[in-house]
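The structure is shown first.

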Amino acid sequence: MKPDCPAESPGNEWIFFSTDERSTRYSKTMSYQGLRRSVILSAFILLPAVVGFSGDGRAIWSKNPNFSPVNESQLFLYDTFPKNFFWGVGTGAFQVEGNWKTDGKGPSIWDHFIQTHLKDVNSTDNSSDSYNFLEKDLEALDFIGVSFYQFSISWPRLFPDGTVAVANAKGLQHYNTLLDALVLRNIEPIVTLYHWDLPLALQEKYGGWKNETMIDIFNDYATYCFQMFGDRVKYWITIHNPYLVAWHGYGTGMHAPGEKGNLAAVYTVGHNMIKAHSKVWHNYNTNFRPHQKGWLSITLGSHWIEPNRSENTMDTLKCQQSMVSVLGWFANPIHGDGDYPEIMKQKLLSILPLFSDSEKNQVRGTADFFAFSFGPNNFKPQNTMAKMGQVVSLNLRKVLNWIKLEYGNPRILITENGWFTDSHVKTEDTTAIYMMKNFLNQVLQAIKFDEIQVFGYTAWSLLDGFEWQDAYTMRRGLFYVDLNSEQKERKPKSSAHYYKQIIQENGFTFRESTPDVQGQFPCDFSWGVTESVLKPELAASSPQFKDPHLYVWNVTGNRLLHRVEGVRLKTRPAQCTDFVSVKKQLEMLTRMKVTHYRFALDWPSILPTGNLSSVNRQVLRYYRCVVSEGLKLNISPMVTLYYPTQARLGLPTPLLQSGGWLNPATIEAFQDYAGLCFRELGDLVKLWITINEPNRLSDVYSHTSNDTYRAAHNLLMAHVRVWHLYDRQYRPAQLGALSLSLHSDWAEPADPFVDSHLRAAERFLQFEIAWFAEPLFGSGDYPAAMREYIAAKRRQGLSRSALPQFTAEERRQVRGAADFFALNHFTTRLVMHARPPAGRADADRDVQLLQDITCLSSPSRLAVLPWGQRKVLRWIRRNYGDLDVYITASGVDDPSLENDELRKYYLEKYVQEALKANLIDKVKIKGYYAFKLTEEKSKSRFGFFTSDFKAKSSVLFYNQLIRNNGFPSEHSGPGCSQNQHTECVVCLFLVQKKPLIFFGCCFFSTLILLLSIIIFHKRKRRKLWKAKNFQHIPLKKGQKRVLS
C-alpha cells in the first residue's frame, strides 16, 4: 500500500475528518420523533456528573500540557504486530446466509421485523447466500490469508422453534461442513452463539429476552453447540453486542423485535443477557473446558467520545458517564466488580434490576478475554450512544486505553472493526482502506506504546450482506457481492487486497523512503528563506536627517513643533537604514544565518499605471536598499518579479481592468516592467524568478476552462519574452540566471490497487507540473498526455476545452527558456479518478483529492510526507534531464508562536529527503528556500518570525542545518568551512545595534567629560583649601612661606 497516510471519503455523508482531532460528525439528522425518543430515553442516562466512577478511565482525557504533535507515540507507526498475532474476518449468520425458509430453518425475529418494519426489503434471500455458496466463502478466506474466521450460528437454523429438542439435520450438517473445512485449512474458528437472530417462536411465546426463562433456554442451546462443535472450536462468543440488542431492540425500536419506549424492559433485557452469558460461561468452565481446552467471552461494543473542552472537568465527567452508560453497563459486571456502575445504580434505581450478592459472584469474571466491537453500528444512528453534548470520535486507541484503565489491562480480542461504504460502491472501496489503516495503526500503537494486550483483530465483514436497519443501502464486506445475481461471485475489493498485504507483512512496512543518510550538500549550496510580496516602505523613517529646518516644541503650550525661520541646519544624504522595515529584515535574516533571501517585488507599486509612463523611483530605491544591505551581510537575493495569489492577482489596476492575463497586451507590459527591474537592480541580482506558480493561477481565471488555458498561455509567453530579453540584453553584463517557479506537489494514487487511480496520479502531475515544465524543459509544446486527454474528452462530448497552439517559431522560443528548474513543494496529494462537473479547467483532469488522517498534518491540512519531495525531484530528473534545481519554497504552517516543533520536524525531514535526492539520485539541487520569513496576521502561520518579529525556535534549528550544510557524520571533516566566510559576531552586533551603540557612546563620553570636570574642580578646591590653612601655621626661625 503506497499511501502511508485514512482519506476523507468523497460522497460518504457519514464521515468528516477534522484536522485537530480525529472525530466523526454526522450530516444526517434524525426525524423529529426519533430525536424526541432519543432525548426521553437518554434522560435516564445522561445525568449530572458525580464522583465514584469505577476504575481510572477518566485519566484518559487528561491532556499533557507539553504535548508535542511530532511525538513518536503520536505519529503513524511503521512496525509489526506481535509474532503470533491473530488475524481474522467475521460475519453474522443472518447477514450472509440467506435461505431463511429453506432446509428446515425457522423464522427469526429479524425475518418478522423485515416484514413489519422494513417494508421496502422483501427478505434476506438477496444476501450473499453463504448457505449455498460456502465454498466461495472459503476461497475468499484463502485469498486473504486469515488465521481465524469468526462466524455465528443461526439459532433458528439449528432449532426452528428455539428449544433444544431434535436439531435440524440440514443446519447441523452445514455448520459441521464449515468447521471441518476451516480445520482443514488451518483456520481457527471463532463461533458466536447469538448474533441477534432469536427464533421467532421464543419471542412470541416468552417475550424474548425480557423473560428470565431465556437464561435456561439459551444455556441449553449453548450446551448443544459445545457438545456438537466444541471439539473443533477453541474460541466461543456467547452474545454479540448485547447493548444494541437491548437499546435498539427494546428502547428505540430500530432493531428486532422493534419494541420501544419501555426503559424498564431495556434494562431487564440487558440484565437477563448478562445472567445468561454468565450461566453459559460457568457451564463451559465446569463441563467442557477441562477436555475441550477452549476460551469463552461476550462481545461488548462501544463508541468513543472526547470532551468539548479538554480542560473542563464537567465535560470530562460527561465523557466518562457516556462510556459507562454504554460499555460499562455490561463490562462492569462481567470484567469489573460483578455489579453495575455506581452512577447507573444511583440514577436508574427504580428501573435497573439489582444483582444479589450471590449473583454478583456468579457474574464477576465470566470472560476469559475482553471481546470488543468498534464499528459503525456503535456510532449510528445518533441515538445509539449517549453523547452528552460532547464530540464523538473514532479513536480506537483511546477506547482500548480506557478499557485498560477501567478493567485492569485484560487480554483483548477485537471481534468487530471496520467501516462502511455506500451501496453503489463495488470493488473500489478506497475509504474503507484508509479507515482500516487508521484503526489498525491505532491498535499497533496501543500494543507498542501503551502495552495493551490486544491479541487479535477481526475485520468486518468478509462479505457484503444485510446491514440491519440499513438493510442493503450500505456495504461492509471485504468482498463485493452482486446481491441480485444468481452465482453471487465474491470479488475482492481494494480493502481485501490491503488487508491481505497487512496480514502478509504482519503490520506496516515503510517502503516509501530509504533510511536517513549522513552527508552534506555542495559548498555552493544556497540556504535561503522565502518571503512573499515585499511591500515597499515609501517614506524614510528618519526625516530629521534630511530636513534642514530647526524646530521648537510647545512654544505656545499647544505641544506642537514650530519652525524657527531663518535657521538652516546641515543634513546628511538619505541612507538605506533610514527604512525601518529594511533594518527589521536585516536583523531577521542575520538571525536566520541564510545565504540567500527570496522575495517578490510589488508590480503595482513600481508601475502604478502598468506602463513606463509613471515609474515610482522611491519604490525602486527601497528594493535596491533591501538587496544592497543584504549583500553587505553576504546574503544574496533571489528576486521574484510577479507573485500572484488567489486573494490578490497582483496586477496594476489598468492592466487588471483591461482583462489581465486574458489580454495579450499584458505580455508586453510585463516585458517592459521586467526590463526596468533588470536595469535598476540587475547589477546586484544574480537569480531571478519571473512568475511564482503560474500553474496555480487557474484558481483565479476559472470562469471557463478555456479562460484558464488562455491566461496560462499568456503567462508562459510572458515568461519566455522576459527570458529572451534578459538573455539578449542583460545576461552578458549581469551574469545572472532566470526561471519561473512551479507549484510542484507530488501525487500518489489514493488506491494503488485500482489502475484508474494510478493513471490519475500521473495525470495530476501532467496537468499540474508538466503543463509548464514540458514546454520549457522538454518539447517546446504542452504535454502530449494533456493534449490527448482533453481531446478525448472533447470527442466524447465531456469537455469543450482546447489547449492553445504554439507556432513553430513559438516552440523554438519556448523550448529552453529557463536556466534552472524552480519548484515550490509543500506536500503530497492522494488522488483518485473522479469526473467532476465540466466547465473549469481542473474538471479536465478527472481527479479528486483525498485527505489521509493517519498522516501528520498541519492546521491547514497539509500532510507532512517528506518522501514525496524526493519523488517529485526524481520525476523531474527522469522527465527533463540533469537540470539545476532550486527548491524555492518549502514549509508548513505551525500554530505555535514560540516552540514550533511541527516546523522543525518538517525542516529536518524535508531537507533530509533533498539530501537523499542529491547524494543518491544525483539530482543537482542547488538550493533550499524555507517558506517563509514572517507570518501575516489572521493567516496560516508559516513564518519563522511572528507578525511582530519575534523569533520562533525553528530559527535556531534552521541555523544548525545551515551551519552543518546538511547532516554530517561524526567523523566527517571540516567540509566547506575553509571556504566559508567566518562570521564576526562582534561585527554583526555592531551592525544590528548601530543606533544603540551611538547613543551609548555619546552617553558615556558625556559622563566621562562631566566626571573629568568634577575631578578637576575638586582638586583645585583642595589646593586652595590647603593654601588658606597654611597661612595660620607659625614658621620656625629662618623659614619662609612659599605660596603656590
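## A buried tryptophan pair

Trp 661 has a relative accessibility of 0% and therefore counts as buried, the cut-off being under 20%. The model is a predicted one. Trp 603 is likewise buried, because its relative accessible area is 1%.

## Aromatic pairs

The number of aromatic pairs in the structure is 87. One of them joins Phe 94 to Trp 110 in a tilted arrangement, with 6.3 Å from centre to centre and 40 degrees between the planes. This pair connects distant parts of the chain: Phe 94 belongs to helix 2 (residues 93-96) and Trp 110 to helix 3 (residues 109-117), 16 residues apart. Phe 94 and Trp 110 are both buried.

Trp 603 and Trp 661 also make a tilted pair, at 6.5 Å centre to centre and with 55 degrees between the planes. Here too, distant parts of the chain are linked, the two residues being 58 residues apart: Trp 603 is in helix 19 (residues 603-606), while Trp 661 sits in the loop between helix 21 (653-657) and helix 22 (665-681).

## An aromatic cluster

Ring pairs also build a cluster, whose members are Phe 370, Phe 372, Phe 374, Phe 379, Trp 402, Tyr 407, Trp 419, Phe 420 and Phe 439.

Lys 1023 lies in helix 31 (residues 994-1030). Its relative accessibility is 63%, so Lys 1023 counts as exposed; the threshold for that class is over 50%.

How values were computed
Residues numbered from 1 in each chain as written. Predicted model: local features only at pLDDT ≥ 70, side-chain atom pairs only at ≥ 80, totals over all residues. Heavy atoms only, no water. Helix = DSSP H or I, 4+ residues; strand = E, 2+ residues; numbered from the N terminus. Buried < 20%, exposed > 50% of the residue type's maximum accessible area, 1.4 Å probe, protein only. Phe/Tyr/Trp six-rings, centres within 6.5 Å; stacked < 30°, edge-to-face > 60°.
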